[in-house]
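Got the viewer open and the sequence panel showing? Let's walk through the fold stop by stop, selecting as we go.

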Amino acid sequence: MTTSDIRLIISDIDGTILNSQHQVSKKLQALMPLLQKRKIPFVLTSARSPKGMTAIADELTLTAPLAAYNGAYIVEQTKKGSFTELFSRPLDFTEANKVIQLAVHSFPEVAVNIYSAAEWFVPTINKWVQQEEAITEMTAKEVILPDFLSNQPPIHKLLFIGSDEDIAALDAAIGRLVLMESTKYRSKSNYLEFTDKTVSKELALRELADYYQVAPNEVMAIGDHDNDLSMIAAAGFGVAMGNASEACKEKANLITVDNDHDGAAEAISDALQLEL
């Protein structure tokens with residue numbers, strides 16, 4: 001494809017449009033009216049929950065859907081701050097519960113974060129949960145775990161946070177379980193995430209391309225981490241940040257500058273020949 005064929009932009013958040021101080025790129029904010037004038041939607045996709053994405057979407061004055069939990073849950077935001085579900089791919093509950101019980105009983109220092117639809121639940125609020133609250137500007141809901149799980153809620157993502165050593169040990173322990181419908185991955189050295197095995201940002205890209213009635217090769221995808229790799233590879237024009245993993249850079253059509261130097265904005269303005 002040529003960059004003139006771009007009709008949809010999908011971007012990761014952390015490490016991509018946020019700098020190392022978790023602030024939105026000012027140059028990217030300045031581009032939004034220009035994209036709107038061109039009628040090119042800008043869609044956020046993230047491992048975050050929808051509520052953890054709305055403040056950023058608001059800063060960018062976005063009205064497009066939000067692809068949360070790496071594509072497991074895609075929603076439209078209403079004016080009242082609630083969400084309309086467009087796509088949902090929760091975990092197999094039996095497998096999710098097996099992993100939760102392992103973490104709670106064998107790794108008590110690890111924070112267990114359960115994401116169901118747009119909500120965030122934890123059995124205990126510890127320092128790791130408080131750290132995540134500060135980053136996402138959300139508040140976790142503390143629950144009595146057996147009572148919460150007895151209702152078998154849809155679980156779109158599990159996130160385990162702890163020391164590097166504890167997360168490595170938990171990762172290995174989960175690897176010894178027999179799990180047919182789920183997958184795990186590290187989003188940071190001390191973050192272990194768990195979703196349905198079919199969930200990926202490529203899945204999100206294809207669902208969003210269908211929603212906007214464009215072809216995947218008309219999509220520009222921007223990211224920095226290995227969980228962005230599938231959408232960068234699937235997009236017609238994949239962009240890796242300067243701070244991206246080597247795997248992302250290998251699959252990208254373009255490597256831009258890093259997230260502390262407005263890399264996403266630079267890639268978009270260059271590709272679409274937009275003057276900032």
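What covers the buried residues of helix 2? Before you select anything, a word on what you are looking at. This is a predicted model, in which local features need pLDDT of at least 70, side-chain atom pairs count only at pLDDT 80 or more, and totals for chains, interfaces and linings use all residues. Residues are numbered from 1 along each chain as its sequence is written, and side-chain values use heavy atoms, with hydrogens and water left out.

**Stop 1: helix 2**

Helices (H or I, at least four residues) and strands (E, at least two) are DSSP runs, numbered from the N terminus. Select helix 2 (51–59) and colour G52, M53, T54, I56 and A57, its buried residues; buried means under 20% relative accessible area, exposed over 50%, and partly exposed in between, with a 1.4 Å probe and protein chains only. Now for the cover: it includes strand 2, strand 3 (66–68), strand 4 (73–77), strand 5 (83–88) and helix 4. Step just past the end of helix 2 and you reach T61, with a positive phi of about 55 degrees.

**Stop 2: S46**

Go back to the loop between strand 2 (42–45) and helix 2, and pick S46. Its relative accessible area is 1%, so S46 is buried. Show contacts (heavy atoms within 4.5 Å). Beyond the neighbours within four places in sequence, S46 is in contact with D12, I13, D14, M53, A67, A68, Y69, N70 and K201. Zoom in on the side chain too: one of its polar atoms lies 2.9 Å from the backbone nitrogen of R48.

**Stop 3**

Jump to helix 10, residues 263–272. How many of its residues are buried? The count is 8 of 10, which leaves the helix mostly covered. Highlight G263, A264, A265, A267, I268, S269, A271 and L272 to see them. These buried residues pack against strand 1 (8–11), helix 1 (26–38), strand 2, strand 12 (219–223), strand 13 (237–240) and strand 14 (254–255).

Keep helix 1 on screen alongside helix 10. Two packed helices are described by the angle between their axes and the distance between the axes. Here the axes are 10 Å apart and the angle is about 35 degrees; axes are lines fitted to C-alpha atoms, for helices over the stretch in contact, and angles run from 0 to 180 degrees between N-to-C directions. Helix 1 passes helix 10 in a left-handed crossing (left-handed if the near helix is turned anticlockwise from the far one by less than a right angle, right-handed if clockwise). Show K27, L28, L31, L35 and R38 on helix 1, then A265, E266, I268, S269 and L272 on helix 10, to see the contact. By class, the contact has 6 nonpolar, 1 polar and 3 charged residues (Ala, Val, Leu, Ile, Met, Phe, Trp, Tyr, Cys and Pro count as nonpolar, Asp, Glu, Lys and Arg as charged, and the others, Gly among them, as polar).

Just after helix 10, click Q273, which takes a positive phi of about 55 degrees.

**Stop 4: helix 3 on helix 6**

Now select helix 3 (residues 93–106) and helix 6 (residues 164–175), whose axes come within 11 Å and cross at roughly 140 degrees. That makes helix 3 oblique to helix 6; angles under 35 degrees count as roughly parallel, over 145 as roughly antiparallel, 65 to 115 as roughly perpendicular and the rest as oblique. The crossing is right-handed. On the helix 3 side, V99, L102 and A103 meet L170, A173 and I174 of helix 6. The residues of this contact divide into 6 nonpolar, no polar and no charged.

**Stop 5: L192**

Buried or exposed? At 1% relative accessibility, L192 counts as buried. Among the residues that L192 touches are L158, L159, F160, I167, L170 and I174.

**Last stop: two loops**

Select K39, in the loop between helix 1 and strand 2. K39 has a positive phi of about 60 degrees although it is not a glycine, and at 72% relative accessibility it counts as exposed. Finish at E137, in the loop between helix 4 and strand 8 (141–142). Its phi is also positive, near 60 degrees, and E137 is exposed, with a relative accessible area of 66%.

Key: Polar contact = N/O pair within 3.5 Å; in protein donor to acceptor, adjacent residues only side chain to side chain.
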